[in-house]
Amino acid sequence: MVLDFKSDVEKVYDEYADMMYRIALTHSRNSHDAMDAVQDVFVKYASSPRFFADEEHRKAWLVRSTVNRCLDIFRMNKVRAYVALEEAVEVPDDESPLFASIKLCVDNLPEQFKTVVVLHYLEGFSLEEIATSLKLSVSAVKMRLSRAREFLKETYKEDDFYV
Amino acid sequence: MFKKADLEAYRSIKAPEKLKDDVLSAVKEGRGSKRPIYKTVGALAACLVLVMTLGVFLNQPLPPAEIYVEQITSNPSFRHVSGSWFITVTCEEGIAFSSEDDCFYYYPDGSETPAALKKLKTDDDVLKVGFYLDTPSARFKVNGETYEISINLFSVEPFALKKIK
């Protein structure tokens, strides 16, 4: 039984860890925080087995838990210490420098827009998938995306990385 | 929206190899990262503050508010569809809004989820709540008073609002 459950965790990890790590990176200051967030979500996943109606349900839970855990860690970091400016805009050194422009863009988005932009434009989620993952209505997701686009257009109209 | 090269760079990011070992051993031992203790302490502190704040507020009922319903679209064909109506609540000393019905929706900037309106307290003078009404009537509470909104699309005033005693 224990072995079965462990292999289930491993299977889920192989399927979703890359996506969860990328989402965590966009919601964290650095790769260490992102790794901690992913690790914590898997420990939570394994510690209290849940019933998932289907694979979409499981994926939605993992996405929502990852985002929430990142926000927790971000808030904890804010409480624990002030960080130097260069650390605050840190881009993980082990990632491609091309990611830096996306990271900068996403970091400057207001919190309520960030997750929908990451899931839709970066991870390719449909509006319905985002609505399920974040427990929002589809119209709320559409509205957030539209406002995020306006925000990015206004903020980066003179930069070349936003098209 | 983003450049193709940037997107490809993003999508090529993989979780570090080391993470899998960390996760599997953490799962085996049932331990998370080193951070959860802060969350627990934070949650306890937040609960304490909440209990103290509630203790103060429970003894100070908010004054009655003014409430009216307005149409926010000029196109009457939307009337019997849904979603084109506001309840506007005004009160200078803060507004507490709650609803047990799923038809209510926080509208002004779309930033709040419907769940937030199950119990919302704000210091603002004005609260606008957009709503969908699929049933003949629905109830909500403002500053401790219960109101019922009912629908009659054949009337000149399609919505009636009354206070429940």
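A salt bridge is here a side-chain nitrogen of Lys or Arg within 4 Å of a carboxyl oxygen of Asp or Glu; a search of the whole structure finds 12 of them over all chains. The structure is a predicted model, in which local features need pLDDT of at least 70 and side-chain atom pairs count only at pLDDT 80 or more, while totals for chains, interfaces and linings use all residues. Residues are numbered from 1 along each chain as its sequence is written, chains are lettered from A and ligands numbered from 1 in the order in which they are written, and side-chain values use heavy atoms, with hydrogens and water left out.

**View 1. Salt bridges between chains A and B.** A:Asp18 pairs with B:Lys14, the closest N and O atoms being 4.0 Å apart. The pair crosses between chains, from helix H1 (residues 2–26) of chain A to the loop between H1 and helix H2 (17–29) of chain B. Helices (H or I, at least four residues) and strands (E, at least two) are DSSP runs, numbered from the N terminus. A:Asp18 is partly exposed at a relative accessible area of 24%, and B:Lys14 is exposed at 51%. Buried means under 20% relative accessible area, exposed over 50%, and partly exposed in between (1.4 Å probe, protein chains only). A:Glu10, A:Asp14 and B:Lys20 are linked in a salt-bridge network.

**View 2. Salt bridges within chain A.** A:Arg22 and A:Glu123 form a salt bridge, with the closest N and O atoms 2.9 Å apart. A:Arg22 lies in helix H1 and A:Glu123 in the loop between H6 and helix H7 (127–134), so the pair ties together parts that are 101 residues apart in sequence. Both A:Arg22 and A:Glu123 are buried. A further salt bridge joins A:Glu129 and A:Lys59 (3.7 Å, N to O).

**View 3. Packing of H6(A) against H1(B).** Helix H6 (residues 111–122) of chain A packs on helix H1 (residues 4–11) of chain B at an angle of about 100°, with their axes 11 Å apart. Axes are lines fitted to C-alpha atoms, for helices over the stretch in contact, and angles run from 0 to 180 degrees between N-to-C directions. A:Val118, A:Tyr121 and A:Leu122 meet B:Leu7, B:Tyr10 and B:Arg11.

**View 4. The hairpin of S7(B) and S8(B).** Strands S7 (residues 137–142) and S8 (residues 145–151) of chain B run antiparallel and are joined by six bridges. B:Phe140 stands opposite B:Tyr147. Two residues separate the strands of this hairpin, and B:Asn143 in the turn has a positive phi of about 45°.

Terms used:
Contact = heavy atoms within 4.5 Å. Pairing = 2+ DSSP bridges.
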